[in-house]
Amino acid sequence: YGMDCYGYALLAAGHVDLVLEAGLSAYDIQAPIAVIEAAGGIVTDWRGGPVHDGGRALAAANVVLHAQALEVLAKY
């Protein structure tokens with residue numbers, strides 16, 4: 001089993017800083033987006049765009065960590 005929503009719950013609760021996943025369906029990410037954004041975090045695809053339709057997701061506790069993670073992902 002994967003982490004499913006558990007990783008996103010840890011992020012929203014402040015226990016982890018980033019969650020990075022690939023191969024998501026829309027139903028895998030839409031609810032976590034709402035929870036993380038309500039907690040002050042940010043969720044996008046690996047290029048900084050919308051991820052509501054699924055695919056590759058980057059969730060971060062804040063915009064600074066999100067920008068740093070996008071810089072790292074841009075190298076690959």
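Tutor: Helices (H or I, at least four residues) and strands (E, at least two) are DSSP runs, numbered from the N terminus. Asp28, for example, has its place in helix H2. Please note that this is a predicted model, in which local features need pLDDT of at least 70, side-chain atom pairs count only at pLDDT 80 or more, and totals for chains, interfaces and linings use all residues. Residues are numbered from 1 along each chain as its sequence is written, and side-chain values use heavy atoms, with hydrogens and water left out.

Student: Which elements does the secondary structure of the chain come to, and how do the elements run from the N terminus on?

Tutor: The chain has 3 helices and 3 strands. Starting at the N terminus, their order is α-β-α-β-β-α.

Student: In what order do the strands form the sheet?

Tutor: Two strands pair if DSSP finds at least two bridges between them. In this model, 3 strands make up an open sheet with the order S1-S3-S2, and the pairing is antiparallel. Strand S1 (18-25) and strand S2 (42-45) are at the edges and have a single partner strand each, so one side of each is left without a neighbour in the sheet. For angles, axes are lines fitted to C-alpha atoms, for helices over the stretch in contact, and the values run from 0 to 180 degrees between N-to-C directions. Neighbouring strands of this sheet are turned by 25° against each other on average, with direction ignored.

Student: How many bridges join S1 to strand S3, and how many pair S2 and S3?

Tutor: S1 and strand S3 (residues 54-60) run antiparallel and are joined by 6 bridges. Within this pairing, Leu24 has Gly55 of S3 as its bridge partner, and Glu21 stands opposite Ala57 in S3. S2 and S3 also pair in the antiparallel sense, over 4 bridges. There, Val43 has Ala59 of S3 as its bridge partner.

Student: Is S3 mostly covered or uncovered?

Tutor: Buried means under 20% relative accessible area, exposed means over 50%, and partly exposed lies in between (1.4 Å probe, protein chains only). S3 is mostly covered, for 5 of its 7 residues are buried. In the chain as a whole, 30% of the 76 residues count as buried.

Student: Which strands does helix H2 lie across?

Tutor: Helix H2 (residues 26-38) lies across S1, S2 and S3, and runs at about 150° to S1. Helix H3 (residues 63-74) packs on the sheet as well, touching S1, S2 and S3, and its direction makes about 130° with that of S3. A contact here means heavy atoms within 4.5 Å.

Student: At what angle do helix H1 and H2 pack?

Tutor: Angles under 35 degrees count as roughly parallel, over 145 as roughly antiparallel, 65 to 115 as roughly perpendicular and the rest as oblique. Helix H1 (residues 6-13) and H2 pack at about 10°, and their axes are 9 Å apart. H1 is therefore roughly parallel to H2. From H1, the residues making the contact are Tyr8, Leu11 and Ala12, while H2 supplies Ile29, Pro32, Val35 and Ile36. By class, this contact has 7 nonpolar, no polar and no charged residues. In that scheme, Ala, Val, Leu, Ile, Met, Phe, Trp, Tyr, Cys and Pro count as nonpolar, Asp, Glu, Lys and Arg as charged, and the others, Gly among them, as polar.

Student: Does Gly7 count as buried or exposed?

Tutor: Gly7, which lies in helix H1, counts as buried because its relative accessibility is 2%. Leaving aside residues up to four places away in sequence, Gly7 touches Val16 and Val19. Gly7 and Leu18 are 11 residues apart along the chain, and their C-alpha atoms are separated by 8.6 Å.

Student: What does Val72 count as, and what of Asp28?

Tutor: Val72 lies in helix H3 and counts as partly exposed, because its relative accessibility is 46%. Its C-alpha atom is separated by 10.0 Å from that of Trp46, 26 residues apart along the chain. Asp28 is also partly exposed, with a relative accessible area of 27%. The C-alpha atoms of Asp28 and Asp4 are separated by 7.6 Å, although these residues are 24 apart along the chain.

Student: What radius of gyration does the chain have?

Tutor: The radius of gyration is taken over C-alpha atoms, and the globule rule is 2.2 Å times the number of residues to the power 0.38. A compact globule with 76 residues would have a value near 11 Å, and the chain agrees with this at 11 Å. Its C-alpha trace spans about 30 × 25 × 20 Å along the principal axes. Among contacts between residues at least 6 apart in sequence, 47% join residues at least 24 apart.
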